[in-house]
Structures are given as structure tokens and as C-alpha cells.
Amino acid sequence: MKVILKADIKGVGKKDEVINASDGYARNYLFPRKLAVEANNENMSKLKSKNESVAFKKETEKKYAQDLASKLEKITMKMIVKAGENGKIFGGVTSKEIAESLKSEYKIEVDKKKILLNETIKNLGNFTVEIKLYEGVIAKLKLNVVS
């Protein structure tokens with residue numbers, strides 16, 4: 001019997017997947033626990049429309065991320081910090097500070113967890129900071145740290 005899973009089941013399949021299950025397993029375990037529904041025409045059309053909706057949403061989010069990435073590529077952000085005589089910064093420039101500066105100066109909201117810094121910036125100079133906006137969309141922001 002073909003069924004559509006409503007939840008992830010270890011060893012059986014993932015949510016919204018169409019699988020072949022034995023009649024007894026489907027009727028006695030999956031259906032009573034609301035883990036699956038029968039794969040009839042009505043349920044298959046619901047699944048298809050749901051998958052199309054999810055694909056459209058993902059495409060829209062990716063397009064928005066690409067637009068934002070092109071905006072970020074054009075920006076050269078300047079951060080003014082206190083530094084010692086030899087160019088060492090007191091403290092450092094973190095991803096949180098970069099996100100706050102983007103929000104206040106350019107009205108662009110980026111989650112600090114998406115800003116990829118190997119370690120905090122502790123010297124003056126020009127840096128390229130990568131920001132992961134979406135799966136496969138990474139923007140490179142030019143950052144100029146001055147005192």
C-alpha cells in the first residue's frame with residue numbers, strides 16, 4: 001500500500017515522502033498514530049501543491065538573498081575603533097559589532113551568526129568579511145577598520 005508520511009520515521013522515511021508499506025503496518029501502526037495517510041488522488045494533489053509552495057518560497061528567499069548580496073558587495077563599511085600606537089585594537093571587532101553597524105548605517109539587517117569571522121579583528125586595516133545569506137549565496141563585505 002502506498003502511503004504519504006506525515007512525520008520522519010527512523011528506518012522508514014522522511015516527512016512528505018511517498019513509500020510502499022505493508023497493509024498491516026499501515027493500517028495498524030501508521031494510520032492510528034497519525035504518522036501517515038493513504039496516497040490517494042486527493043492526498044497526492046495536496047502533497048504536490050505543498051511541494052510547489054515550498055519550492056516557490058525557497059526560490060523567493062534565494063532571490064532576495066542574491067539581491068542583498070549584490071548590495072553588500074558594493075558597500076565599503078568603515079568602522080572607527082580605539083587603537084594603540086602599534087595598530088592593535090583595544091578589544092576587537094566582532095561579528096556582532098559588524099551586524100549592528102550594518103543595521104544602523106545602511107538599514108540592512110543581518111544575523112550575527114551568518115557573518116563568517118574566523119576570529120575577531122584585532123588590527124587596523126582593510127578586511128574582506130564573508131556573510132552567508134542563504135544556502136549557496138555568500139556576500140563579501142569590504143571592511144575598513146580605522147582609529
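Lys34 is exposed, with a relative accessible area of 61%. Exposed here is over 50%, buried is under 20%, and partly exposed is in between, using a 1.4 Å probe and protein chains only. Lys34 sits in the loop between helix H1 (23–30) and strand E3 (36–38). Its phi is near 55°, a positive value in a residue other than glycine.

A word on the source. This is a predicted model: local features need pLDDT of at least 70, side-chain atom pairs count only at pLDDT 80 or more, and totals for chains, interfaces and linings use all residues. Residues are numbered from 1 along each chain as its sequence is written, and side-chain values use heavy atoms, with hydrogens and water left out. Helices (H or I, at least four residues) and strands (E, at least two) are DSSP runs, numbered from the N terminus.

Next, Asp16. Phi of Asp16 is near 65°, again positive and again not glycine. Asp16 belongs to the loop between strand E1 (2–5) and strand E2 (18–20). Asp16 is partly exposed, at 24% relative accessible area.

Now the sheet. It is open, with four strands in the order E4-E9-E8-E6 and mixed pairing. Strand E4 (76–80) and strand E6 (115–116) stand at the edges with a single partner strand each, so one side of each has no neighbour in the sheet. Two strands count as paired if DSSP finds at least two bridges between them.

How do E8 and E9 pair? Strand E8 (residues 125–134) and strand E9 (residues 137–146) are antiparallel, over nine bridges. Val129 has Leu141 in E9 as its bridge partner. The two strands form a hairpin with two residues between them, and Gly136 in the turn has a positive phi of about 90°.

On to E4 and E9. They pair in the parallel sense over five bridges. Lys78 stands opposite Asn144 in E9.

Side chains alternate along E9. Val137, Ala139, Leu141, Leu143 and Val145 point to one face and are buried.

Last, helix H3. Helix H3 (residues 95–106) lies across E4, E6, E8 and E9, running at about 115° to E4. Axes are lines fitted to C-alpha atoms, for helices over the stretch in contact, and angles run from 0 to 180 degrees between N-to-C directions. Contact means heavy atoms within 4.5 Å. Ser95 lies in H3. Ser95 is buried, at 19%. Leaving aside residues up to four places away in sequence, Ser95 touches Lys112, Ile115 and Leu117.
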